[in-house]
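Good morning, and thank you for coming.

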Amino acid sequence: MSPSVIETAQKIGVTWSIRAFIIVSLSLQIFLIWFARYRKWRGGKWGKCLDMLIWFAYLLADWVAGFTIGLILSEQSKTTTESSDIHVFWAPFLLLHLGGPDTITSFALEDNEFWIRHLLGLGLQVGSTAYVFVKSLPENKLWLPTILVLMAGIIKYAERNRAFYHANFDHLGDDWLPSEWGDEIPVPAEFQKMDSPAEFEQSQEQMLLWTAVHHFGTIKIMLVGPLLSPDQYSEIRETFLQVGDSSQVLQIMEIELSLLYEVLHTKLPVIGCTMGYIFRFITMCCILVALFSFSLFKKYYLLKQLDIWLTYGLLISAFVLDIISIALLISSDWILAAYIRSTKSRFFKKRRWSRAVSQLNFITCYVNDYPSLLKGVAHFLRIRGLLDDIKGIRCLSSKDFKEDDPEWRFIFEEVKELNEFLNSKMTAPSQTVLDTKQVWLYSRERVLQGFTNSNELIKIVEELDYTKSVLTWHIATELCFHGVDQTSTSGNGSISHREFCKLLSDYMFYLLVMQPAIMSAVSQSWKKVFEETLAETVLYVRRGSISNDEDACKKILQLIPNFRNPERDINRSVLFAASELAKQLKKSNSTPWEQMSKVWVHLMCFAAMNCRPHVHAQQPSKGGELLTFVWLLMNHLGLGTHFSSHY
């Protein structure tokens, strides 16, 4: 085969590769701008699948755009024709794509931490694109629209880097930190135009939004580390106690976490200001003028029809995507807050998190466990962790959770009572916080004293660490749910405490097994405890005659007492401790479910308070977690770890 034929084939291959990658890059931008915002709303199995797709598209989008610029640069170094001119014109569009949609700048918090690397990427890609353009001169007949799109691409790529910079934890609180410790928390310029509630006739939604924005700075301060002063603590606490209604408190926290998501993962704080509006106007004008210029003078260019239509697609889609971004910007909480007085109430009523509580329980994991042979092969191939993750996803379910549910009202009232109880335990007049161990002991004492046989229960659980406590109470709750008491008791607000215990029990077990990062501060040995308990269950309770969770619970209640040594096994075996705990719960109150509900709120509060703040900050981008709302509520009521008694 002659060299000329090979060279021609290579040119055709490069040309079609550039076209294909341009189309792929544009498709990824459309996918991201439309679906990235659903991360806040989707939970459960489908939410995890969508999260994986967005993650894949997010990583692929940057790689495709950068690789295509490299292809154009390689082609430009070999030839200069009308065909290569259109490819040079396409290069700035890839900068627009690298700038990314306004709805997603970072997929995870770690992306913001590498803002310097993204800044270097900006310099490299802009330099490469500029070099491609300069090298095409003076023969390039498309120089005018190329310059215009290049300006727009640089602006959008710079916006993304600025968003990375401001979302980085080192700079996150810059606009919100007081000049002196204990001073009033400042409000950024975008929100300084907000009227106070007394200055306008506000609706309930406007009042909730105003409260959320007014205290949003405390969340950013909690994330970056400084302590809040007693005066700041008192102001926040009084505000949320005055709100009173639990559903309104949850709505306020929904708005706060929605604002946090927009700050950490979108361009809204960057473009939702005066300079942002100006640069966005310049960007759209550049795209429009480039479209007009290309449509007016394309007849003077010797271009293929396919390339002409593809160029129109790039120009029109760039403008349309900007229009969509503006529409999404207008409906965002960031803009609603900045223009609260003129905003219609209907814009406030929208979904801000998944409103789903994931469910997983130990008995289901046991019933659906893999055969020993398969687990042995997985262990040999070192993929046991992957096998466990697949099993967890198979057994995973979710339940709806809304602000007007009686379950949330119960949590809210319990946290308020816990706050008052712990305040009563302060020994010194100047003391405003208790250490972690004190909180654990005092709150456990409070909930266990509500049982009629509290001494027997304390003997069972007093030596258990947090991981064993959660697993012991979880199995005991499951045994009671299926085998001890089938009645569904109701308390205040017609809450079914039996169902509520089941909800929180399965949720905490889900966090323990499927979200170890959230529970890492209080459950360092969870995997060992879980594996030992599962092995014990397999040893004492054979699965052959078991077809569902209820059968398994009955078997455990029947068989475990025959094997156990009370003096030896309770502190060593979670399964035996859970069996004994279920037995004592049956002897306790005639309807122990309400007191058990308090136990689960106590366990959840302790986990929420000890989870690292940046882990909570990750949750709004994953659909949200009930535990994060509990953490935020506790901090608003002064039960968090970010309060100090010393000036």
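Let me begin with a question: does E159 count as buried or exposed? At 6% relative accessibility, E159 counts as buried. Here buried means under 20% relative accessible area, exposed means over 50%, and partly exposed lies in between, with a 1.4 Å probe and protein chains only.

A word on the source is needed. This is a predicted model, in which local features need pLDDT of at least 70 and side-chain atom pairs count only at pLDDT 80 or more, while totals for chains, interfaces and linings use all residues. Residues are numbered from 1 along each chain as its sequence is written, and side-chain values use heavy atoms, with hydrogens and water left out.

What is the partner of E159? The side chain of E159 meets that of R280 in a salt bridge, at 2.8 Å from N to O. This pair links distant parts of the chain, since R280 belongs to helix α12 (residues 274–297) and E159 to helix α6 (residues 143–167), 121 residues apart. By a salt bridge I mean a side-chain nitrogen of Lys or Arg within 4 Å of a carboxyl oxygen of Asp or Glu. Helices are DSSP runs of H or I with at least four residues, strands are runs of E with at least two, and both are numbered from the N terminus. In general, side chains of opposite charge can pair when their charged atoms come close.

R280 is buried as well, with a relative accessible area of 6%. A salt bridge also joins R280 to D322, at 3.8 Å from N to O. D322 lies in helix α13 (residues 305–330), 42 residues apart from R280 in helix α12. At 2% relative accessibility, D322 is buried. These residues are part of a network of salt bridges that links D102, K156, E159, K267, R280 and D322.

Let us turn to another pair. D333 and R352 form a salt bridge, with their closest N and O atoms 2.9 Å apart. D333 is in helix α14 (residues 333–338) and R352 in the loop between α14 and β1 (356–359), so the pair ties together parts 19 residues apart in sequence. D333 is buried at 0% relative accessibility, and R352 is buried at 8%.

How many salt bridges are found in the whole structure? The search finds 14.
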